[in-house]
Amino acid sequence: RDFWDTYIHLENKHHYELIKEGDPCNLYFDLEYEYEYNMVEPDLEGTAVNQESSSSLCKKECSESYSRVECQKHTLSKVPLELDIQKFIDILALELKSIGVDGFKHVDLDSSSSKKYSHHLIVRMKNKKFKNNLQCGIFVHNFYKKLLDNNQFIIRTKDDRKVFIDDGVYTKNRNFRLYLSSKIGKHAILKMKNAKATLKLFLDT
């Protein structure tokens, strides 16, 4: 409580939680990708769709005499990919159920910028924690592989395609950015959309 009372009034917050080696921990995810490599064509309502489905729509609805470039109806400016975080949570729920987790609560913190999608997802399992964050990492690596095999939540990087989970944050004595903090030299604050900053929310993260 004393820390919160001081922290909430700081003008510049650049604080991190230390996930100590060997300590029990909640499930957590660092979800990210750069928009530069993940621009997609919107559908006619403006919703982002992948290039394959957009191309199929054009071929189905347009005369064969039109080329992809000539079709003005479907020649739309590309927009940043926006993945469905709720769908991700629904798939995660099934994976957790498979290891005996009956229920959980989650907090989705967003620090996205104009250049990068960046979310921290903290999952509090009912009456359970991982033995340590290395065990947490094993669960995430297995979940990552299943998503990759099913071609789900795939994003592009400069050199490759991968799942949008950063699977490198499960190392010993890991620093994980606190709610309401930004990286030094950056302006993107880690926050929950449309939620008032409270001690309870801080503790849930």
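I looked up the second largest pocket and noted a volume of about 440 Å³. On a 1 Å grid over the protein atoms alone, a pocket is an open set of points with protein on both sides within 12 Å along at least five of seven lines, and a lining residue has an atom within 4 Å of a point. Grid points are joined across faces, edges and corners, and a volume is the space filled by probe spheres set on the points.

This is a predicted model, in which local features need pLDDT of at least 70 and side-chain atom pairs count only at pLDDT 80 or more, while totals for chains, interfaces and linings use all residues. Residues are numbered from 1 along each chain as its sequence is written, and side-chain values use heavy atoms, with hydrogens and water left out.

Next I took the lining of that pocket. I listed 18 residues, with Ser-111, Lys-116, Ser-118, Arg-177 and Lys-183 nearest the centre. By class the lining has eight charged, six polar and four nonpolar residues; Ala, Val, Leu, Ile, Met, Phe, Trp, Tyr, Cys and Pro count as nonpolar, Asp, Glu, Lys and Arg as charged, and the others, Gly among them, as polar. β2 (27-34), β6 (116-125) and β9 (174-177) each supply at least two lining residues, and β9 gives the most, four. Helices (H or I, at least four residues) and strands (E, at least two) are DSSP runs, numbered from the N terminus.

I then turned to α4. This helix (residues 133-149) has 17 residues and reaches 24 Å from first C-alpha to last, close to the 24 Å expected at 1.5 Å a residue; the expected span is 1.5 Å times one less than the number of residues. I noted Asn-133, Cys-136, Gly-137, Phe-139, Val-140, Phe-143, Tyr-144 and Leu-147 as its buried residues. They lie on the same side of α4 because they cover an arc of only 160° around the axis, the arc being that of the directions from the helix axis to the C-beta atoms. Lys-145 and Asp-149 are exposed on the face turned away from the buried side. Buried means under 20% relative accessible area, exposed over 50% (1.4 Å probe, protein chains only). The buried residues of α4 pack against elements including β1 (16-19), α3 (85-97) and β9.

Last, I checked the cavities, sets of points where a 1.4 Å probe fits but cannot get out. I found two of 30 Å³ or more. The largest cavity holds about 50 Å³ of space, and its lining includes Glu-17, Phe-176 and Arg-177.

Note on methods: Contact = heavy atoms within 4.5 Å.
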